[in-house]
Amino acid sequence: MDDHPFLVAGGGIGGLAAALALARHGRQVRLFEQSAGFEEVGAGLQMSPNGVRALKAIGAWEAVEPSCVIPSEIHVRDGLSGALLQRIRLGKSFEQRFGAPYRVCHRADLLAGLLAAVRRNFGIELNTGRRATAVAEDGATTRLGFADGTSASGAAVIAADGIRSALRQAVAGIVQPIPRGVILYRALMPLQRVPPEIEADCVTLWLCPGAHVVHYPVSNWRNFNIVAAIDGTLPDDGWKTPAHAGEVTKRLAGVCEELALLLAAPASWMRWPGADLPALPRWSSGRVTLLGDSAHATLPFLAQGAVMALEDAVILARSLGRGDGVAEAFRAYDAARRPRTARLQEQSRAMSRIYHASGPLAVARNLTFRLAGQGFALSRLEWLYRWTPDTPA
Ligand SMILES: Cc1cc2nc3c(=O)[nH]c(=O)nc-3n(C[C@H](O)[C@H](O)[C@H](O)COP(=O)(O)OP(=O)(O)OC[C@H]3O[C@@H](n4cnc5c(N)ncnc54)[C@H](O)[C@@H]3O)c2cc1C
């Protein structure tokens, strides 16, 4: 078996998870992140049972768990009337049903936990300020080229360089992110500043005409995360663009009083355009493969973007562990993962249409939520949440 190091481009959730998963399978890893440091920014994440299982499989759950929050319930509410449409209890019976807990955390905490686990691992070399620009197979090795003119050689390249991947082209041709007509706003504030009208210990989803809002506590109950998804368009200028003062409250004028109070509470909001990728025909070419958002960026409406990157990492390392050679292992990983992530991409798009419905469609949706109850809601999530590292797809 080839003993050159594996090269990972991108030090986000997917890249760090891949490095850990490979190191656990005895591979040396060199990871290259374009930023000067690891970017512990972003919004809240729902760590569903499949994500917890993936974190356990790569040995990172112990580092991540302390910053996670155990929410009491998930509530779905009508954003205009405030009415409770559905309640999902997250206690013992939920955990028994899915075989692992459900938690919420902040992207920064997940990244910090992964980094802590990576730093304890001597088989992983971390490099920052290295922007990968090109990849090429070169005899028995694979070469990664950087914007500063340098290059590195290894056994294989894993392109975990996010939705705007520079390396994707080498595997799948030119594929651009597709804006999906929704603007995502995120805010983070101290938990004490949450208005008393809001049940701060729950995950709450508010459904409004042309919009929805999700919120929950993060960072071991220190902070409160709010994300509002509102129909509209924006130029793509990254993850760190501030929204104008009053933009969110103005665009969501007309929501019920509790929600309006909450939306007015944060000192500031950030915004980014909601985009995803089409399902790609392949993720791998020879000894180069895509992982995470570079392969299957998804709208965040089923809250699975980070979790899918974690699952990818587990399956990639397992495929390599079978000892069939790198290109064969990458093909097996690609074949195992693509159907699941394509289904998620499609369902996430559909959720935005359901969540943002108005008029008679919204009335029908609300009735369905009320009648369906917890059992039905959970049965629709089984294919996602029951995943284990042994699940074929
Ligand atoms: C700064 C940041 C903030 C985010 N905030 C949110 C958020 O608020 N809500 C949300 O739903 N999702 C957010 N995401 C996306 C979310 O983290 C991903 O959908 C998910 O975790 C999948 O992870 P990934 O590792 O595939 O991609 P990402 O998390 O996007 O990580 C990709 C990493 O690769 C690096 N990179 C990119 N190009 C290159 C290159 N050419 N060479 C080397 N390194 C490169 C990036 O700097 C980044 O660290 C954010 C991502 C980033 C990078």
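What share of the contacts in the protein chain with a separation of 6 or more comes from residues 24 or more positions apart? Such residues account for 77% of those contacts, where two residues are in contact if their C-beta atoms, placed from the backbone, lie within 7 Å. The structure is a predicted model, in which local features need pLDDT of at least 70 and side-chain atom pairs count only at pLDDT 80 or more, while totals for chains, interfaces and linings use all residues. Residues are numbered from 1 along each chain as its sequence is written.

The overall dimensions come first. The C-alpha atoms of the protein chain fill a box of roughly 65 × 45 × 35 Å, taken along the principal axes. For 393 residues, a compact globule would have a radius of gyration near 21 Å, and the 21 Å of the protein chain agrees with this; the radius is taken over C-alpha atoms, and the globule rule is 2.2 Å times the number of residues to the power 0.38. Of the 393 residues, 48% count as buried, a residue being buried if 20 or more other C-beta atoms lie within 10 Å of its own, exposed if 12 or fewer, and partly exposed in between, with C-beta atoms placed from the backbone. The protein chain has 13 helices and 19 strands, these being DSSP runs numbered from the N terminus (H or I and at least four residues for helices, E and at least two for strands).

One of the sheets is open and consists of six strands in the order S7-S2-S1-S11-S19-S18, with mixed pairing; two strands pair if DSSP finds at least two bridges between them. Strand S7 (124–127) and strand S18 (284–285) are its edge strands, and each pairs on one side only. Within this sheet, strand S1 (residues 6–9) and strand S2 (residues 29–32) pair in the parallel sense over four bridges, and Phe6 stands opposite Val29 in S2. Helix H1 (residues 13–24) packs on the sheet, touching S1, S2, S7 and strand S11 (156–159), and its direction makes about 175° with that of S2; axes are lines fitted to C-alpha atoms, for helices over the stretch in contact, and angles run from 0 to 180 degrees between N-to-C directions.

The largest nonpolar core has 82 residues, and those with the most contacts inside it are Ala17, Ala18, Ala19, Leu20 and Ala313; such a core is a set of buried Ala, Val, Leu, Ile, Met, Phe, Trp, Tyr and Cys residues joined through C-beta atoms within 7 Å. Helix H10 (residues 305–321) supplies the largest share of this core, 11 residues. Leaving out residues up to four places away in sequence, Ala313 touches Gly14, Ala17, Ala18, Ala21, Ile58 and Leu291. A second, separate core of 33 residues includes Leu85, Trp206, Ile226 and Phe369.

Another open sheet has eight strands in the order S5-S4-S13-S14-S15-S12-S17-S16, again with mixed pairing. Strand S5 (84–89) and strand S16 (241–242) stand at the edges with a single partner strand each, so one side of each is left without a neighbour in the sheet. Helix H12 (residues 359–379) packs on this sheet, touching strand S4 (73–78) and S5, and its direction makes about 5° with that of S5. S13 and S14 pair in the antiparallel sense over five bridges, with Thr204 opposite His215 in S14.

In helix H8 (residues 257–264), Leu259, Leu262 and Leu263 are buried. They cover an arc of only 95° around the axis, which puts them on the same side of H8; the arc is that of the directions from the helix axis to the C-beta atoms. The buried residues of H8 pack against strand S13 (203–208), strand S14 (211–218), strand S15 (223–231) and helix H7 (247–251), whereas Glu257 and Ala264, on the other side of H8, are exposed.

The loop between S14 and S15 contains Asn220, which counts as partly exposed because it has 15 C-beta neighbours inside 10 Å. Leaving aside its neighbours within four places in sequence, Asn220 is in contact with Pro66, Ser67 and Val69. The C-alpha atoms of Asn220 and Ser67 are separated by 4.7 Å, although the two residues are 153 residues apart along the chain.
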